[in-house]
Amino acid sequence: MAVIRDVMPAFELLQPNSAAEAQKLLEQHGEDAWVMAGGLDSFDWLKDRIKKPKVLVDLSGVEELKGIRTTSDGVEIGAMTTLTEVANHPVIQRDYSVLGEAVGLVASPQIRNQGTLGGNVSQDTRCWYYRGGWPCYRAGGNICYADTPVGRNREHAIFGADRCVAVHPSDSAPALIALDAKFVIQSPKGERVVDAEDYFVGPELDITRLNILRPGDLLIAIRIPATWAGAKFYFEKVRDRNVWDFPLMNVASAMKLSGGTIGDIRIAVSAVAPKPMRLKVVEDAVRGKPANAETGKMAGELAVRGAVPLQFNAYKIPLMRNLVKRAIDGAQSSQHAETGSASQLQDRVVPEAAWS
Amino acid sequence: MAEQESKKPANETPLPFGSGYKLIGRNYATPDMIAKVTGTSRYAEDFRAEGMLFCRLALSQMPHGRIKSIDASKALAMPGVKAVFTANDIPEQADFLDDNGRTIKASKWGERALTNEPLYEGEPILAVAAVDELTCAEAIEKIKVDMEPLPFVIDPLDSLRPGGPNPRADGNVWERPKPPAPSAPVLTELKWTKEDFAEYDQGRLPMGEAPDTWKYGDLDAGFKNAALVLDESFLTPDVSHQCLEPRTAMAYWQNGKLYLHTGTQSTFQTVPAIARWMNMDPDKIVFISEYTGGGFGSKITGGVTMIIPALLSRKLNAPVMMRISREEEHFIGRARPSVLGRMKVGFAKDGRITALDMFTVTNAGSYDASGDGGSAARIVSLLYQPPAMRWRGVTVMTNTLPRSAQSAPGGMQGIAIMEPVLSKAARALGLDQVALRSVNCPEGKAEYGAPNASGKRAYSTSCFMRLALERGAEQFKWQERIAQPKRAGTKVRGVGVSLSCYVGGTIGFDGLLVITPEGRVRFHSGIGNLGTESVIDVHRAGAEVLGVPWEICDVVWGDTSRIMPFTCVSGGSQTTHAMTRAAYAVATEARQKLKEVASKALGGKPEEYEVADGRVFPKGGGAGLTFSQVAQKAIALGGIYDGHDAPTDVNKRTKSAVAALAGQGLVVAAKDKHPRDGDTYSFVASFAEVEVDVETGKYDLTDFLAYGDVGTVLHPAALGGQMLGRSTLGIAHAIGQKWVMDPEYGFTLAKRFYQNKPPTILDVPVDMQWAALNIPDPETPVGARGVGEPPVGGGCAAVLNALSDALGDEIFERCPVNADTILTSLEAGRPMQHPFMGSI
């Protein structure tokens, strides 16, 4: 069979107006249905004709899944809330800035305007073999093309590999783990709420998906408890380009300090393993210690213990060590989202007088 | 002559832009500007025609294979499917005549629009036409292609190893036959010995037999007398052109004529390419390309696939649109060849180069020999003026994407390979980086390359590189910057400088204008509208010579039915130089014709008249003629005045153009015959500052300046666009634009923008700067030279040099340089990415 990409296949487009209706459609169509949020991940798959669902359930018309609400215990973010809205929301900026910062560094302004928080945490991996349609383990085959002596794996995993060495690409996921967020899932059997880190699935459990959603399931909201509101946060994303890039790695932490001593902490990284990694060993080791360079160094070294580099990604070990160190000692101030440069860019417009 | 002339530049004083001119050197709104800015400009994909069909391509899923059979029966049975084309439906390429009337034989290794033996993954093997694209796609998926896999190779060194695979049955290396044999390269087989490869594991480029070589000077003496000898290997990346407009094409036929729309760099010169690929009469082709979304050398005369909709349209008797997707554009959109380079360079204590021994291995991809290795050597020879130099080069065919020229082909690679050696030498000798480049940089009529048969070496028309370097260093505050502390916390700052140059012009083309009965001056432009604005800008020089306000001038372009003169291809940064000369020639001739018509109408001799302000009148005053009156008189006179006769010395296609305009007014054509002593090059001094975070390996380019010696500045805004845009293209090679390929399967992994990572606007400094000397080139009447390509190499190398200034010499031996390169090498204390492993 000859191959062609970049032509979206025909499918039945269903556009529910409510979460209940969406739920019903998903239940009705089961494995034939594809759930689409902002479409950034979905359209790639569809246009490449690698995924050809019979039915596409487009959630863009479900208003009840959009928006940020303050609750008695923090905030609840609808799964269809855009990343831009999350990044700009005053309560997020004030109390949960680690999340605002993380989503502010996702991809590009255009993508953040269209992409949603639910989509960002539920997106598929960007392993270039898998996305290119190669019949790898994750695609139902019996080989990992990235994990061969000459496989190209610069952006792949140093932890958690199990046949597949792809990494989770989300920027928001580690921030949500650091905030101890809860993911609200609506399913045929009713609603359930899971901890952020339990939303994600490694290849050892199921190699074909990155999260626990089953056919018929719908992620409807993400709740952030007030537990970590106003804590000392750290987020850093390292990428090749200054905009429109997945992370080579990112780190997020939330720390409660008392007189310079770490009272409690949650820390997570992504693009390191097939799922975002909460670093519990590090959390346990630094609790009660001063938030300084020495603790940071110890934390960094502890974090990378057991890392297994591939041919082209050994740099991820010092990178993770240093990012975890920074997340503890905060020596490197966090980045600013590139939107901050927009005003600078305006200066580049040639003054009218120059066109005389 | 070279010695004598080299003293001249020091006395030159640059002038403010536009000095002494009314139009040249001044900004203006180009006639295409509003359409481009508001999005109303129409590119090939924007056209629709009654009954238009669509076609889509199926690409090879093997890096090398032979099609045994294609079963399209199920596809053809689908409703809406109109045709399935394979290589068997594509005409054989014809021999053709070049601009000089020489017959060029069609190459047996030449690329065709579709193939039965794909030489790279992604090569088009068939095309389906249908009522819409979805039907095309569904039909393609119903076609059974039985293909036999053949041996393939993607790494040129693998192919050169003893017993290494060949990319096709008849060889792996391009060799240029020795004169007097025909100059087209031929494919031969070359394998190096095991002994040749002994240095590979030490990270030094093996140097086996090289088919191409030249040298001059006493190399041995140069190395013997050197205070420092460095021997460095370096790899430059394969980089795809990634034009924003893919090579979409739309075609239809009317009354036996082919009408073809696609983006091109060279409107006039694309017609013969279509004729050659279609094997048809060029007079039966109307080519439309008013706007082109980038070319950078990949669309010099369009692309061979543009004939697919033309052929389908002829067969189906309906217009056919072939849209090219981003992924398809990656495969068929061309790329710059990677070059593996090794430089052995001797330096005197003052930094002066004493000898240079250069070796290159060029990955030429699957079709056509690349000239990038030889070009790299010529540019290095010109830019660094080694008194003794040898170049040896191997150009290897591989089963990777077809290459083509990309902005500063070879020059970019040569500069990127050479500049880090200079930086290392300056550190070793304790010399300032600018000072070391100053003692080596070319000046005046600077010689370069190998001596010709009579022992003479070619030289530049003029060069004020040293002045540009000095001015640039001053503007960049080089001395202040190098005095500042480098390290602040985890951030390390570095500054870099690079010399840069490339070809800046050709000669001998034609200009064509009409002074109309309405009193307007209409310039006919055969230049492509590829984004540089030369399509319009060069005619400002014509208007300047004619002494008319720009407001009464019109430029027609972008459609060959609007009539065009013999025009250069817009490649090799030649257009501004070549076509300002043609504009100068035709405007000068127009002045003469105006006087002749006036003398015939009003009496006296032509030389007793003068031309100014849209009139021709007797010297010293008196009644004259307006341009409008001259045009009417010219029509009455006929013959040479209104285009019924053409000048004898213009190109035959210009003569046809003149005939087509006959009777429209005063029709003037002229050939550029202005003498030129030397070869035209433009020069740029590039400066960069980087800030590296040594804990993450991430770095930012914090400042950049390109200072040009590009002749007279014709259009400052357009020049600035080129200086900064093309610098950014070079910067891309340093900071991350790349390929990723799996060598086991010969497949491309990075095919989309987010994977190939061309730089974004946020990856370059917000206040990136440019400047230009504005010293006229003495060998061209307008003084202007081309500028598209000269800044590219400097963009890349200035960043590389800034990185090594920040981090030392033990970090990279290849580019791009990214966080992974920096972190692993910092950890290990030596370069950790093998210099010869590309596309990771």
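How many helices and strands does the secondary structure of chain A come to? The count is 14 helices and 12 strands. The model is predicted.

Start with the overall form of chain A. Its C-alpha atoms fill a box of roughly 65 × 60 × 55 Å along the principal axes. The radius of gyration is 21 Å. A compact globule of 356 residues would have a value near 21 Å, so chain A agrees with that expectation. Buried residues make up 53% of the 356 residues in chain A. Take the contacts in chain A between residues at least 6 apart in sequence: 65% of them join residues at least 24 apart.

Now turn to a sheet in chain A. Three strands form an open sheet, in the order S1-S3-S2, with parallel pairing. Strand S1 (12–14) and strand S2 (33–36) of chain A are the edge strands, and each pairs on one side only. On average, neighbouring strands of this sheet are turned by 25° against each other, direction ignored. Look at one pair in detail. S1(A) and strand S3 (residues 55–58) of chain A run parallel and are joined by 3 bridges. Leu13(A) has Leu56(A), in S3(A), as its bridge partner.

The largest nonpolar core has 363 residues. Which residues have the most contacts inside this core? They are Val128(B) and Val799(B). Helix H16 (residues 575–602) of chain B gives the core its largest share, 12 residues.

Stay with Val128(B) for its surroundings. Neighbours within four places in sequence are left aside here.

Finally, consider where the two chains meet. The contact takes 43 residues from chain A and 45 residues from chain B. Several elements of chain B each supply at least two residues of the side that touches chain A. Two of them are strands, S1 (53–59) and S7 (144–149). The helices are H4 (133–140), H9 (326–332), H20 (753–756) and H22 (819–828). H22(B) contributes the largest share of this side, 5 residues. What is the make-up of the side of chain B that touches chain A, in nonpolar, polar and charged residues? The residues divide into 20 nonpolar, 11 polar and 14 charged.

Terms used. Residues numbered from 1 in each chain as written. Chains lettered and ligands numbered in written order. Predicted model: local features only at pLDDT ≥ 70, side-chain atom pairs only at ≥ 80, totals over all residues. Contact = placed C-beta atoms within 7 Å. Helix = DSSP H or I, 4+ residues; strand = E, 2+ residues; numbered from the N terminus. Nonpolar A, V, L, I, M, F, W, Y, C, P; charged D, E, K, R; others polar. Pairing = 2+ DSSP bridges. Axes fitted to C-alpha atoms, helices over the stretch in contact; angles between N-to-C directions. Core = buried A, V, L, I, M, F, W, Y, C linked by C-beta atoms within 7 Å. Buried ≥ 20, exposed ≤ 12 C-beta atoms within 10 Å, placed from the backbone. Rg over C-alpha atoms; globule rule 2.2 N^0.38 Å.
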